[in-house]
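Please keep the sequence and the structure in view while reading.

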Amino acid sequence: MKCPGQDTRFWDKNAIYDVTCIECGAKIEFFKDDVWRKCRECGKKMPNPRLNLGCAAHCPHGEKCIESISQDI
């Protein structure tokens, strides 16, 4: 079973959004649970300014989820 907080079937329209690269101004598409993305234009590694891991606060598996995400940073 996939975590409901990470299952895209339960995401709303605000779960995917564009952020402007601080290096070159290109648009970078983020998903709400992306820790970071690399700009396709200049290669700058950008943190997700709207990272949403809210479900980890009340999920019994939240610590494992946060631990695996923090290894990506």
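How many aromatic pairs does the rule for ring pairing give? Rings of Phe, Tyr and Trp (its six-membered ring) pair if their centres lie within 6.5 Å; planes under 30 degrees apart count as stacked, over 60 as edge-to-face and the rest as tilted. By this rule, the count is two aromatic pairs. The model is predicted, so local features need pLDDT of at least 70 and side-chain atom pairs count only at pLDDT 80 or more, while totals for chains, interfaces and linings use all residues. Residues are numbered from 1 along each chain as its sequence is written, and side-chain values use heavy atoms, with hydrogens and water left out.

Helices (H or I, at least four residues) and strands (E, at least two) are DSSP runs, numbered from the N terminus. Trp 11 counts as buried because its relative accessibility is 14%, whereas Phe 31, with a relative accessible area of 22%, is partly exposed. For these terms, buried means under 20% relative accessible area, exposed over 50%, and partly exposed in between (1.4 Å probe, protein chains only).

Tyr 17 and Phe 30 form an aromatic pair that is stacked, at 6.4 Å centre to centre and with 15 degrees between the planes. This pair, too, links distant parts of the chain, with Tyr 17 in strand S1 and Phe 30 in strand S2, 13 residues apart. Are Tyr 17 and Phe 30 buried or exposed? Both Tyr 17 and Phe 30 are buried.

Charged groups also meet rings in this model. A charge sits over a ring if NZ of Lys or CZ of Arg is within 6 Å of the ring centre and within 35 degrees of the ring normal. Arg 50 lies over the face of Tyr 17, 3.7 Å from the ring centre. The ring of Trp 36 has the charged end of Lys 45 over it, at 4.1 Å from its centre.

Leaving aside residues up to four places away in sequence, Tyr 17 touches several residues, including Ile 28, Glu 29, Phe 31, Asn 48 and Leu 51. Tyr 17 also belongs to the largest nonpolar core, which has eight residues in all: Tyr 17, Val 19, Cys 21, Ala 26, Ile 28, Phe 30, Cys 39 and Met 46. Such a core is a set of buried Ala, Val, Leu, Ile, Met, Phe, Trp, Tyr and Cys residues joined through side-chain atoms within 4.5 Å. At least two residues of the largest nonpolar core come from each of S1 and S2.

Asp 18 is placed in strand S1. With a relative accessible area of 51%, Asp 18 is exposed. Its contacts, not counting residues up to four places away in sequence, are Lys 27, Ile 28 and Glu 29. The C-alpha atoms of Asp 18 and Glu 29 are separated by 4.5 Å, although the two residues are 11 residues apart along the chain.

How many disulfides does the structure hold? The structure holds zero disulfides, a disulfide being a pair of cysteine sulfur atoms within 2.5 Å. Cys 24 is in no disulfide, and its nearest cysteine sulfur, that of Cys 39, is 3.7 Å away. Cys 24 counts as partly exposed at 40% relative accessibility, while Cys 39 counts as buried at 3%.

The overall architecture can now be described. The protein has one helix and four strands, and from the N terminus on its elements run β-β-β-β-α. Asn 52 is found in the loop between strand S4 (45–47) and helix H1 (62–70), and is partly exposed with a relative accessible area of 37%. Of the 73 residues in the protein, 29% are buried.

Notes
Contact = heavy atoms within 4.5 Å.
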